[in-house]
Amino acid sequence: MQRAQPAPVKSKSQKKEKAPPEVPDIIVDPERNIHYEKGKFLGKGGFAHCYEIRNQISGEVLAGKVVPKHLLVKQYQRDKMAQEVQIHRNLCHPNVVKLYHFFEDRMNVYITLELCPRRSLMELHKRRKSVTEPEARYFTHQVVEGVLYLHDLKIVHRDLKLGNLFLNDELQVKIGDFGLATTVENDERKRTLCGTPNYIAPEVLNKMGHSFEVDIWAIGCILFILLIGHPPFESKTLEETYSRIKHNNYTIPTETSSSASQLIRQLLDPVPGRRPTAKTVYRDKFFKAGFMPTRLPVSCLTMVPHFN
Ligand code: ADP
């Protein structure tokens, strides 16, 4: 197993472009005898390419995640994929992407997922930079609700980041990509992590053993980015970013409201045991300190909404 440690930083041009997988126009789930028409390309990740797929009989449109088998030659790659599906398939919550089925053909492994047509909070952040406090309350509260559900099931996601917080047409948040997720027993501390999470917590960098608190830390990073417009420990180099994380060196701008600043400080506590649980965060006064919309207009993906 590979430990999370500073990965060599590659510029975009240095990164090897993976050829798209060969995907048939009609994808067949042999076990259930469902035929899907391949639709538009949705995006790609470390292993997977994702397409809209349409059930030929029911007309239902889903997301189809396609992983070419040639990328699953090493045992740890197969184990990681199996672990991802094993954890994700049993989940059922309004703030977690639904995994329906998985199957394979000669070339690829396929996972069918609930379609999130409004992309992720990453694209929203790229367009808007920071969002208003009511929007930050709306999005973060849904993330916390999903995380509360996962933690109750003893699942740690370990890679919560804007790009894994997908949005459906109602702009409901759906936590996705369980590629680094794991289950933990009561007091167990995980020591290894395959891959490097984006909003990495200090206890992971310091290899002190980690658990649920890494997701709480990541929620702190997410709330910070939503409200302030950039990641708390962002810097020019990975080494400097890791050093800032280890020294808990970040600054909350003075114009941030006191309830938001207080919550961010609790979430980004360097001592994992001092961070609040998901349940405590869910009830935090930040969510009651001002307006929290029950829904948001799609226009807020690109423009500041006006609340009456
Ligand atoms: P990987 O596991 O290889 O990192 P991801 O799960 O991140 O792959 O998926 C790759 C990309 O596919 C995402 O960045 C996103 O653009 C798109 N995607 C993934 N899941 C969905 C979904 N449920 N609905 C819509 N698009 C999705």
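## Contacts of Pro 272

Two residues are in contact here if their C-beta atoms, placed from the backbone, lie within 7 Å. With that in hand, let's look at one proline in this predicted model. Leaving aside neighbours within four places in sequence, Pro 272 is in contact with Glu 203 and Glu 213.

Pro 272 sits in the loop that links helix 7 (258-267) and helix 8 (278-282). Is Pro 272 buried or exposed? Pro 272 counts as buried because 20 C-beta neighbours fall inside 10 Å, and 20 or more is what a buried residue needs. Pro 202 is 70 residues away from Pro 272 in sequence, yet their C-alpha atoms are 8.6 Å apart in space.

## Helix 5

Glu 213, one of the contacts of Pro 272, brings us to helix 5, which covers residues 213-228. This helix has 16 residues and reaches 22 Å from its first C-alpha to its last, close to the 22 Å expected at 1.5 Å a residue.

Helix 5 is largely enclosed by the rest of the structure, because 16 of its 16 residues are buried.

## Around the ligand

Now for the ligand. How many residues surround the ligand? There are 19, and the closest are Gly 43, Gly 45, Ala 48, Cys 50 and Ala 63.

Strand 2 (residues 34-44) gives the most to this shell, with 3 residues. Sorted by class, the shell holds 10 nonpolar, 6 polar and 3 charged residues.

Definitions and conventions:
Residues are numbered from 1 along each chain as its sequence is written. This is a predicted model: local features need pLDDT of at least 70, side-chain atom pairs count only at pLDDT 80 or more; totals for chains, interfaces and linings use all residues. A residue is near a molecule or strand if its C-beta atom, placed from the backbone, lies within 6 Å of it. Helices (H or I, at least four residues) and strands (E, at least two) are DSSP runs, numbered from the N terminus. Ala, Val, Leu, Ile, Met, Phe, Trp, Tyr, Cys and Pro count as nonpolar, Asp, Glu, Lys and Arg as charged, and the others, Gly among them, as polar. A residue is buried if 20 or more other C-beta atoms lie within 10 Å of its own, exposed if 12 or fewer, and partly exposed in between; C-beta atoms are placed from the backbone. The expected span of a helix is 1.5 Å times one less than its number of residues.
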